[in-house]
Amino acid sequence: MRKKLIDISWEDFQALPINDKVPYLSQADGIPYHTLFAQQFDLELLERLGTLANSIRMIAKARSGMDFLQQLISHKRAMLYFSQPSSRTFLSFYSACQILGMPIGEVRDPAISSEFKGESREDSVRTFSSYFDLIIMRSPQKGLAEHMSWVLSNTDRPIPVINAGSGHDQHPTQALLDIYTLQRSFERVGGLRDRTVVMVGDLARGRTVRSLSQLLTNYPNIRQIFVAPPVFQIGEDIQKILTAKGVDFELTSDFHSVLPESDAVYMTRIQDEWDDETHQSRTVDTSGFKFGLRELDMIKPQTVILHPLPRRDEIAREVDRDPRAMYWRQMRNGMWIRSALIALTFGCENRILEFYRANV
Ligand code: CP
């Protein structure tokens with residue numbers, strides 16, 4: 001039987017392991033209602049989302065296709081509540097809503113909402129839910145989207161919440177677009193299986209790698225290599241999950257030694273906004289965790305280079321011109337996979353696939 005957030009207290013729900021939370025976040029058919037964690041997506045769902053994103057992408061090439069897409073959810077409104085800086089996630093969700101015809105509202109700075117007058121986050125989000133049908137939320141606070149999902153599900157106007165980045169914990173829709181980019185990169189050469197994925201940089205505080213690592217466990221025989229200075233290495237919680245799932249993984253700080261065997265190199269920025277009083281970003285030598293022309297010569301001809309962006313100097317600008325540099329395409333893929341996620345959430349999958357089969 002389907003579990004509902006209305007049937008469980010916040011304290012009991014919060015205390016559950018993530019995998020036990022998933023049934024509470026799903027619609028009757030197993031599709032996410034609230035999208036909060038990478039753990040909500042299994043292989044079947046990831047393939048479904050990829051197919052839907054491909055269909056939307058192809059349909060959107062024609063004006064008649066855009067006209068079709070834009071009437072799909074034009075009767076619903078989306079709220080973008082971003083209390084942490086963002087360019088790509090904000091704009092790609094914004095564009096995704098536009099593609100599907102959803103009118104959009106936004107709050108990007110709580111200081112210009114009534115939170116400034118002392119209104120609680122709960123009341124603020126409940127206020128948004130009075131006017132909108134979907135809340136897409138980015139917050140520096142781990143677990144806020146989860147709490148708001150529970151709060152809204154316990155009102156008389158429950159609406160879906162999508163986590164667009166929560167603290168340094170999870171960024172599930174970034175991981176969806178990363179997976180979609182990998183699916184597309186390998187679709188003509190055997191698919192996303194039997195690959196070595198190398199993740200580099202600030203893995204301790206970068207939420208994208210934490211979510212991507214989880215999603216990769218759905219694919220057969222994916223070796224995960226985490227490359228970072230020891231202080232920025234991937235968390236023990238992720239290592240425990242990978243061990244429990246029998247995933248082949250390795251931790252190293254020797255970037256060059258693993259480049260020749262990589263099929264995908266996922267670079268990340270040092271997240272100095274999370275520095276504590278020891279200012280790790282200034283005291284740790286990160287010069288060995290950058291990708292330039294020398295590193296290009298060390299990877300295979302088919303290896304792809306990804307980055308969630310924004311970047312600083314961890315990928316040299318000269319690398320952008322190489323056909324293996326996928327990060328600009330990866331960024332655009334975010335618009336398609338987020339369109340697919342919203343379409344799936346609002347039950348539009350079959351209509352899109354039927355239109356695709358009949359018209360594209
Ligand atoms: N990758 C990513 O989340 O980028 P933004 O912070 O610009 O949204």
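**Ground rules**

I number residues from 1 along each chain as its sequence is written. Because the model is predicted, local features need pLDDT of at least 70 and side-chain atom pairs count only at pLDDT 80 or more, while totals for chains, interfaces and linings use all residues; side-chain values use heavy atoms, with hydrogens and water left out.

**Entry 1: domains**

I looked up how the chain is divided. Domain 1 covers 5–170 + 333–347, and domain 2 covers 172–330. These bounds come from an automatic or database domain assignment. The two domain centres, taken over C-alpha atoms, are 25 Å apart. Domain 1 gives 34 residues to the contact and domain 2 gives 25 residues. Contact here means heavy atoms within 4.5 Å.

**Entry 2**

I noted the terms before tracing strands. Helices (H or I, at least four residues) and strands (E, at least two) are DSSP runs, numbered from the N terminus. Two strands pair if DSSP finds at least two bridges between them.

In what order do the four strands of the open sheet stand? I read the order as β2-β1-β3-β4, with parallel pairing. β2 (104–107) and β4 (161–166) are at the edges with a single partner strand each, so one side of each has no neighbour in the sheet. Neighbouring strands are turned by 15° against each other on average, direction ignored. For such angles, axes are lines fitted to C-alpha atoms, for helices over the stretch in contact, and angles run from 0 to 180 degrees between N-to-C directions.

I then followed one pair. Strand β3 (residues 134–139) is joined to β4 by four bridges in the parallel sense. Isoleucine 136 is opposite isoleucine 162 in β4. Helix α5 (residues 88–99) lies across β1 (78–82), β2, β3 and β4, and runs at about 175° to β1.

**Entry 2: the five-stranded sheet**

I found another open sheet, with five strands in the order β7-β6-β5-β8-β9 and parallel pairing. Its edge strands, β7 (249–252) and β9 (304–306), each pair on one side only. The twist from one strand to the next averages 15°.

Strand β6 (residues 223–227) runs parallel to β7, and four bridges join them. Phenylalanine 226 is opposite leucine 251 in β7. Helix α10 (residues 236–244) packs on the sheet and touches β6 and β7, with its direction at about 150° to that of β7.

**Entry 3: the ligand**

I looked next at polar contacts, which are pairs of N or O atoms within 3.5 Å. For the side chain of threonine 89, an oxygen atom of the ligand is 2.7 Å from an N or O atom. A ligand nitrogen atom is 2.9 Å from a polar backbone atom of proline 308. The ligand taken alone exposes 250 Å², and the protein buries 90% of that. Accessible areas come from the Shrake-Rupley method with a 1.4 Å probe.

**Entry 4: backbone details**

I checked two loops. Leucine 309 and proline 310 are joined by a cis peptide bond, with omega about 5°. Proline 310 lies in the loop between β9 and α14 (327–345). Aspartate 194, in the loop between α8 (172–186) and β5 (196–200), has phi near 55°, a positive value in a residue other than glycine.

Definitions and conventions:
A polar contact is a pair of N or O atoms within 3.5 Å; within protein, one must be able to donate a hydrogen and the other to accept it, and residues adjacent in sequence count only if both atoms are side-chain atoms.
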